[in-house]
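Dear colleague,

Please find below the structure that I am handing over to you. I would be grateful if you could look through it together with the notes that come after it.

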Amino acid sequence: MEWLLWFTRFENTKPLSLLIFFLVFCGILFYVFGSKKRGERLESHKHIPLQDDEI
């Protein structure tokens, strides 16, 4: 149980939270830019706000 006390110290939790947020950020980047098919699908959605102007 003493290893849980390691998380209660701010000097330990700050780098740990920074590492977690960095890994989540890298995961989001990998998700968005990882698949070419997904990228093409997202590119097709970029003109949706302008489609109402053509009426």
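The notes below go from the overall form to individual residues.

Please keep in mind throughout that this is a predicted model.

Overall form

The protein contains 3 helices and 0 strands, so that its elements, read from the N terminus, follow the order α-α-α. Helix H1 covers residues 2–8, helix H2 covers residues 10–34, and helix H3 covers 36–44.

The radius of gyration of the protein is 21 Å, whereas a compact globule of 55 residues would have a value near 10 Å. Along the principal axes, the C-alpha atoms occupy a box of roughly 65 × 25 × 15 Å. Of the 55 residues, 2% count as buried. The accessible surface amounts to about 5600 Å², and carbon and sulfur atoms account for 69% of that surface.

Glu2 belongs to helix H1. Is Glu2 buried or exposed? Glu2 counts as exposed because its relative accessibility is 66%, and the cut-off for exposed is over 50%. Glu2 and Ile28 are 26 residues apart in sequence, and their C-alpha atoms lie 34 Å apart in space. For Arg9 and Phe25, the separation is 16 residues in sequence and 24 Å from C-alpha to C-alpha.

Phe25 is located in helix H2. With a relative accessibility of 48%, Phe25 counts as partly exposed; the reason is that partly exposed covers the range between the buried limit, under 20%, and the exposed limit, over 50%. Phe25 is also one of the residues of a nonpolar patch on the surface. The patch is formed by Leu19, Phe22, Leu23, Phe25, Leu29 and Phe33, which together have about 660 Å² of accessible area.

Val24 likewise lies in helix H2. Val24 is partly exposed, because its relative accessible area is 45%. Between the C-alpha atoms of Val24 and Lys36, which are 12 residues apart along the chain, the distance is 20 Å.

The loop between H2 and H3

Ser35 sits in the loop between H2 and helix H3. The relative accessible area of Ser35 is 26%, and Ser35 is therefore partly exposed. Ser35 and Phe25 are 10 residues apart in sequence, with 16 Å between their C-alpha atoms.

Charges and the salt bridge

The protein carries 7 positive and 7 negative charges, and the mean positions of these two sets are 9 Å apart. How many salt bridges are there? The count comes to 1 salt bridge. The salt bridge joins the side chains of Glu43 and Lys46, with an N to O distance of 3.0 Å; this pair qualifies because the rule asks for a side-chain nitrogen of Lys or Arg within 4 Å of a carboxyl oxygen of Asp or Glu. Glu43 itself is partly exposed, since its relative accessibility is 46%.

In brief

The main points are the 3 helices with 0 strands, the radius of gyration of 21 Å, the nonpolar patch that includes Phe25, and the salt bridge between Glu43 and Lys46.

With kind regards

Key. Residues numbered from 1 in each chain as written. Predicted model: local features only at pLDDT ≥ 70, side-chain atom pairs only at ≥ 80, totals over all residues. Heavy atoms only, no water. Patch = residues over 30% accessible without salt bridge, like charges linked within 9 Å, V, L, I, M, F, W, Y side chains within 5 Å. Areas by Shrake-Rupley, 256 points an atom, 1.4 Å probe, with all protein chains shown as cover. Helix = DSSP H or I, 4+ residues; strand = E, 2+ residues; numbered from the N terminus. Buried < 20%, exposed > 50% of the residue type's maximum accessible area, 1.4 Å probe, protein only. Rg over C-alpha atoms; globule rule 2.2 N^0.38 Å. Lys, Arg positive; Asp, Glu negative; His and termini not counted. Charge placed at Lys NZ, Arg CZ, Asp CG, Glu CD.
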